[in-house]
Amino acid sequence: MNLAALQAPLARIISGFPGEESRSRQIPYSARAKLRRKAPPCGIHELPAELLIEIFALSLFPQHEWSMRRLRSLTRVCKLWKSIVVSTPSLWAVIDGQASESDNLFAVRKSAGMPLAITYRYGFGSLKLFNPFLDVLQANLSPWWMLDIDAPDRIFAMSQSTFQRPNPSLSHIRLRSSKRFDQPGPWLILKDGCPVRSLDLTFISVNWESPRLTALVQLRLRHTEPIQENRLATILMESPSLEEVVLINVRLTPTREWTPVGVLRLKSLQLFHLEQTLSTTFDRIVAMLRLSPTTEVTIVNVDVSCLAEGHDPILFHVVSPIPSDSPCIRAKFKRNRLDISAKLDAQRKIRHYIHGSYAGIRLFKPMTMGCWARFVVKLEIDLPKGFHNVPVDGIARLSNLEALVMSGEAWVADALSVLSRRTEREPDRSMGGWPCPRLTSLDIAFLGAGGFTGLSFLPTQAQAISKLVQCRWGDRVREEELGHSLAAMSSLTIRVPDGLSDAPAIDALATLACRSAKVLGPGVIKFVSME
């Protein structure tokens, strides 16, 4: 095929008419109309009406936001689209609090009794439309399939009676108030068998006791009324298709004479977020959870002291390790915080986050005791002054660890001592019994007396690093003769205080640099000056 010969016809097709744009304006209107009639048909007009209706619905309901303006704009495109929109009741089945009363009445007539989506967004000028909005709701008896209201507390208080009607078709509920207000009972009554798929409540109460919620896919609760402990467990247990659970400042009422039975296996869950500022404990609920390894877990300001004392707490039994042959977990421990990221493949990365007074370094020992230990490839421990009894012996159990970052006081030297000794725990004897035999990157910072986070560098600390280098990598020829395949160090970074002036410390630093360079080779050891 001669592509060069097609350039001119292609240019004429793109421009719509042969010649320049200035010449096309000189063509009579009748001639231009004839050319348009001869134009090839547009592909979208060949789509079946059912598919066009689905496309229109997606364009009208992005994030469940509908407007009369969008709908009427579709009717102005062409006669075909107008006829499809006008004759499709489902596209009109919305009562919008930001539309005029006449528009809402017109939409109700066009919907022909289909289940309605009720939506209201409080904003500038919307308050004057609220009473007409309520009038339309009260005058119409059609069922509702969606209820989406985001408004100040006074709007919810004045409209509670309007929304007390039974709605057996409700599947999507999103009610967000600006703050808590006096509610003489549940603001919304859910009936048994109501097919609720999405429940998103902020400062709003529902009747938690009566309905069975078996179709839930999304559960988001913020600052709601107290929930019985056994009721929440029942909701989670009866919703196997849950994909998202977010509980923020939800008060949990302990249930007397209730013993958790079995476990909650939420295999489809993609996000579990638990955040509390109250003293309410979720220990028994969390202890029942069993989640997929691809579930993102966030636990913030929750008292996990009871679970932290066990051998298999919180994350390490809630989420199983990544089902992969290659380790891929990166863990970061701080004083009251634990961050874990697990890279499943080139596209997907899962994050787990625990923050609170009993999280952080308290969970380090349980992690190294459990089945997660062999999946950790990078570990970072960053602790302020005052932390001494860090269970550094657990580092030896991380058999696939490749990178280690440590910042702290005397426990850092203890960790270096652990890495300098052979261990009997190493199952692969081809590594010579060394802990963390795949370790290739090490970043060290010692905290001292120079303020809360001030760095220090003492001769004794230099000796601890030098001992590690000499014992672990000093006799590589002997290790090779014994058939041991200990990984070689590729990066050793030591962070020292800016303006180090102590003569013994400077001598120790110089000695460490020379001896380590002879063992590790050039370009491996680095000193970084920090304030």
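Asp339 counts as buried, at 18% relative accessibility. Its side chain meets that of Arg337 in a salt bridge, 2.5 Å from N to O. The model is predicted.

**The Arg337–Asp339 pair**

- Arg337 counts as partly exposed, because its relative accessibility is 30%.
- Asp339 falls on the buried side, because its 18% is under the 20% limit for buried residues.
- Arg337 opens strand β15, which covers residues 337–343.

**Other salt bridges**

- A search of the whole structure finds ten salt bridges.
- Arg174 forms one with Asp148. Their closest N and O atoms are 3.0 Å apart.
- That pair links distant parts of the chain, 26 residues apart. Arg174 is in strand β4 (residues 172–177). Asp148 is in strand β3 (residues 144–151).
- Arg174 counts as partly exposed, at 22% relative accessibility. Asp148 is buried, with a relative accessible area of 3%.
- Arg220 forms a salt bridge with Glu244. Here the closest N and O atoms are 2.3 Å apart.
- Arg220 and Glu244 also link distant parts of the chain, 24 residues apart. Arg220 sits in strand β6 (residues 218–222). Glu244 sits in strand β8 (residues 244–248).
- Both Arg220 and Glu244 are buried.
- Side chains of opposite charge can pair when their charged atoms come close.

**A salt-bridge network**

- The side chains of Arg337 and Asp339 form a salt bridge. Elsewhere, salt bridges that share partners join Arg121, Asp148, Asp150 and Arg174 into one network.

- Strand β15 is mostly covered. Five of its seven residues are buried.
- Strand β14 (residues 329–333) runs antiparallel to β15, and five bridges join the two.
- Ile329 stands opposite Ala342 in β15.
- A hairpin joins β14 to β15 through three residues.
- On pairing with β16, β15 is again antiparallel, over seven bridges.
- Ile340 stands opposite His352 in β16.
- β15 and β16 also form a hairpin, with five residues between them.

**A positive surface patch**

- Five residues gather in a patch of positive charge on the surface: Arg330, Lys343, Lys349, Arg351 and Lys378.
- Lys349 lies in strand β16 (residues 349–355).
- Lys349 counts as partly exposed, because its relative accessibility is 39%.
- Strand β15, at residues 337–343, takes in Lys343 of the patch. Strand β14, at residues 329–333, takes in Arg330.

**Strand β19 and its partners**

- Strand β19 (residues 441–447) is mostly covered. Six of its seven residues are buried.
- Strand β18 (residues 403–408) runs parallel to β19. Six bridges join them.
- Gly408 has Phe446 in β19 as its bridge partner.
- β19 also pairs with strand β21 (residues 491–497) in the parallel sense, over five bridges.
- Ile444 has Ile494 in β21 as its bridge partner.
- Strand β20 (residues 455–456) runs antiparallel to β19. Two bridges join this pair.
- Leu447 stands opposite Leu455 in β20.

**Trp81**

- Trp81 lies in helix α6 (residues 79–86).
- Trp81 is buried, with a relative accessible area of 13%.
- Trp81 and Ala49 are 32 residues apart along the chain. Their C-alpha atoms are separated by 9.0 Å.

Conventions: Residues numbered from 1 in each chain as written. Predicted model: local features only at pLDDT ≥ 70, side-chain atom pairs only at ≥ 80, totals over all residues. Heavy atoms only, no water. Patch = residues over 30% accessible without salt bridge, like charges linked within 9 Å, V, L, I, M, F, W, Y side chains within 5 Å. Areas by Shrake-Rupley, 256 points an atom, 1.4 Å probe, with all protein chains shown as cover. Salt bridge = Lys/Arg side-chain N within 4 Å of Asp/Glu carboxyl O. Lys, Arg positive; Asp, Glu negative; His and termini not counted. Charge placed at Lys NZ, Arg CZ, Asp CG, Glu CD. Helix = DSSP H or I, 4+ residues; strand = E, 2+ residues; numbered from the N terminus. Buried < 20%, exposed > 50% of the residue type's maximum accessible area, 1.4 Å probe, protein only. Pairing = 2+ DSSP bridges.
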